[in-house]
Amino acid sequence: MMNLYTTPNKPKLITWYSAILFIAFTLVSSYIYIEQLNQEVFLYINSYHSLIPNEVWEYTNMITYSKYFIIPATLILITAIGKRENLINVLVLIAIYFVLFMALKHIFHEARPYVTLPTGSFYWSNQFEDTTKSAYLSFPSGHTGNIAIFAFAMNIMFFSKSKIMQFIMLLLIIFIGLARICTGWHWPLDVLASGLIGYILTKIIFAINFEKMTRKKNAYY
């Protein structure tokens, strides 16, 4: 019987350690929300922006900017070369990511830190983003979501048996999230929620074997 919910390379989509991390980040997000610590945590993290040169933060923001399409294009290219059987999954994942995140931004219409907090009370850097159009599009973080689907897709396709590489991918997501806070563009809940949404979205899309679905459909022609 054909199984439409297992990827061609049959990776283990949900491991015990990824489940623990997901629960941990969910609990942290819930605590920040319930205790209304979003601004307090933001200011605390943002105050340490000088630990890393501003140029590094800016470069990080640039390469993960959704409109530049650098991260999605890289994921598509890597998949086409190394895991062509998953190419449809990746294309669907990227398409849904863009639609979902843009919809959530307009639904929540959350003000960014530079709108809410007094000028000069935190570090804010802007090199290429439109401050007017994006002033109320803080939640969720597109940059963090962008790198999250990249990292989790890479884990599923290439690093399913390497805990070290999975950990490196997780650190990459955390670093991008910190970059968005340290440059004053996002609240902690924005980046935490984006990572969680990216995780769920990637798991769902990669749980579907689009290749077999396509073959089954073409069998009638």
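This is a predicted model: local features need pLDDT of at least 70, side-chain atom pairs count only at pLDDT 80 or more; totals for chains, interfaces and linings use all residues.
Biologist: Where does histidine 109 lie, and what is its phi?

Modeller: Start with the general idea. Most residues other than glycine have a negative phi, and most peptide bonds are trans. Histidine 109 has a phi of about 50°, a positive value, although it is not a glycine. It lies in the loop between H5 and H6. Glutamine 36 is another case, with a positive phi near 55°. Its loop runs between helix H1 (16-34) and H2. Glutamine 36 is exposed, because its relative accessibility is 69%.

Biologist: Which residues does the cis peptide bond join?

Modeller: Phenylalanine 139 and proline 140 are joined by a cis peptide bond, with omega about -5°. Proline 140 sits in the loop between H6 and H7.

Biologist: How many helices and strands does the chain have?

Modeller: Elements are DSSP runs numbered from the N terminus: helices (H or I) of at least four residues, strands (E) of at least two. The chain has 10 helices and zero strands. From the N terminus, the order is α-α-α-α-α-α-α-α-α-α. Of the 221 residues in the chain, 46% are buried.

Biologist: What share of the contacts joins residues at least 24 apart?

Modeller: A contact is a pair of heavy atoms within 4.5 Å. Take the contacts between residues at least 6 apart in sequence: 84% of them join residues at least 24 apart.

Biologist: Show me cases. What does threonine 64 contact, leaving aside its neighbours within four places in sequence?

Modeller: Threonine 64 is placed in the loop between helix H3 (54-63) and helix H4 (70-82). It counts as buried, because its relative accessibility is 1%. Beyond its neighbours within four places in sequence, threonine 64 contacts Ile71, His143, Asn146, Ile147 and Ile176.

Now go to isoleucine 205, in helix H9 (residues 188-206). Its relative accessible area is 4%, so isoleucine 205 is buried. With neighbours within four places in sequence left out, its contacts are Asn89, Val92, Leu93, Ile96 and Phe210. Isoleucine 205 and valine 90 are 115 residues apart along the chain, yet their C-alpha atoms are 8.1 Å apart.

Biologist: Next, rings. How many aromatic pairs does the structure hold?

Modeller: A pair of aromatic rings is described by the distance of the centres and the angle of the planes. Rings of Phe, Tyr and Trp (its six-membered ring) pair with centres within 6.5 Å; planes under 30 degrees apart are stacked, over 60 edge-to-face, the rest tilted. The structure holds 15 such pairs. In one of them, phenylalanine 42 and phenylalanine 122 have ring centres 5.4 Å apart and planes at 70°, so the pair is edge-to-face.

Biologist: Which parts does that pair tie together?

Modeller: Phenylalanine 42 is in helix H2 (residues 38-46), and phenylalanine 122 is in the loop between helix H6 (113-116) and helix H7 (142-157), so the pair ties together parts 80 residues apart in sequence. Phenylalanine 42 is buried at 0% relative accessible area. Phenylalanine 122 is also buried, at 14%. Elsewhere, Phe69, Tyr97, Phe98 and Phe101 form one aromatic cluster.

Biologist: Last, pockets. Which residues lie nearest the centre of the second largest pocket?

Modeller: Rolling a probe the size of a water molecule over the atoms shows where empty space is left. A pocket is an open set of points on a 1 Å grid where a 1.4 Å probe fits, with protein on both sides within 12 Å along at least five of seven lines; lining residues have an atom within 4 Å of a point. Here 19 residues line the second largest pocket, and Tyr65, Lys67, Met102, Lys105 and Arg112 lie nearest its centre. Helix H5 (87-108) and H7 each give at least two residues to this lining. H5 supplies the largest share, six residues.

Key
Residues are numbered from 1 along each chain as its sequence is written. Side-chain values use heavy atoms; hydrogens and water are left out. Buried means under 20% relative accessible area, exposed over 50%, partly exposed in between (1.4 Å probe, protein chains only).
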